[in-house]
Amino acid sequence: MRNLLITYTIILALGIGAMVTQIHYLANIAGFIGAIGLMLVFFKDRPDEETLSPEQQAHNKKMRRYWYIVFITGIVFSLIFGSLWNSHMGRMV
């Protein structure tokens, strides 16, 4: 849970920093973190369902859902404050 909160804090700080300072690179970094994190969580090998107790299965599902929310937040910040507010619309100039 601690890693989740640290990652969410970093993504929020980058997104809010991009909004306040108008530096779209910060939001693009948040989007990069979100995209890499989504790939890691989505393609991670999970233990077999029958080896885990129902409580562990529920906890793993809940944590996976939280990670998805955190990383999707980074991608949304990247789209809104990185790409759409960029005066050159993606050319990063």
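**View 1. Packing of helices H1 and H2 in the predicted model.** Two packed helices are described by the angle between their axes and the distance between the axes. For H1 and H2, the axes come within 7 Å and cross at roughly 155°. Angles over 145 degrees count as roughly antiparallel, and H1 and H2 are therefore roughly antiparallel to each other. The crossing in which H1 passes H2 is left-handed.

**View 2. Ile 23 in the loop between helices H1 and H2.** Helix H1 spans residues 2-21 and helix H2 spans residues 24-42, with Ile 23 located in the loop between these two helices. The relative accessibility of Ile 23 is 40%. Because buried means under 20% and exposed means over 50%, Ile 23 counts as partly exposed.

**View 3. The largest pocket and the residues of its lining.** The volume of the largest pocket is about 350 Å³. Its lining consists of 14 residues, of which Lys 44, Arg 46, Asn 60, Met 63 and Arg 64 are the closest to the centre of the pocket. Helix H3, comprising residues 54-84, gives the most to this lining, with seven residues. By residue class, the lining of the largest pocket contains six charged, five nonpolar and three polar residues.

Conventions. Residues numbered from 1 in each chain as written. Predicted model: local features only at pLDDT ≥ 70, side-chain atom pairs only at ≥ 80, totals over all residues. Heavy atoms only, no water. Helix = DSSP H or I, 4+ residues; strand = E, 2+ residues; numbered from the N terminus. Buried < 20%, exposed > 50% of the residue type's maximum accessible area, 1.4 Å probe, protein only. 1 Å grid on protein atoms, 1.4 Å probe; cavity = no way out; pocket = protein on both sides within 12 Å on 5 of 7 lines; lining within 4 Å. Points joined across faces, edges and corners; volume = space filled by probe spheres on them. Nonpolar A, V, L, I, M, F, W, Y, C, P; charged D, E, K, R; others polar. Axes fitted to C-alpha atoms, helices over the stretch in contact; angles between N-to-C directions. Parallel < 35°, antiparallel > 145°, perpendicular 65-115°, else oblique. Left-handed = near helix turned anticlockwise from the far one by under 90°.
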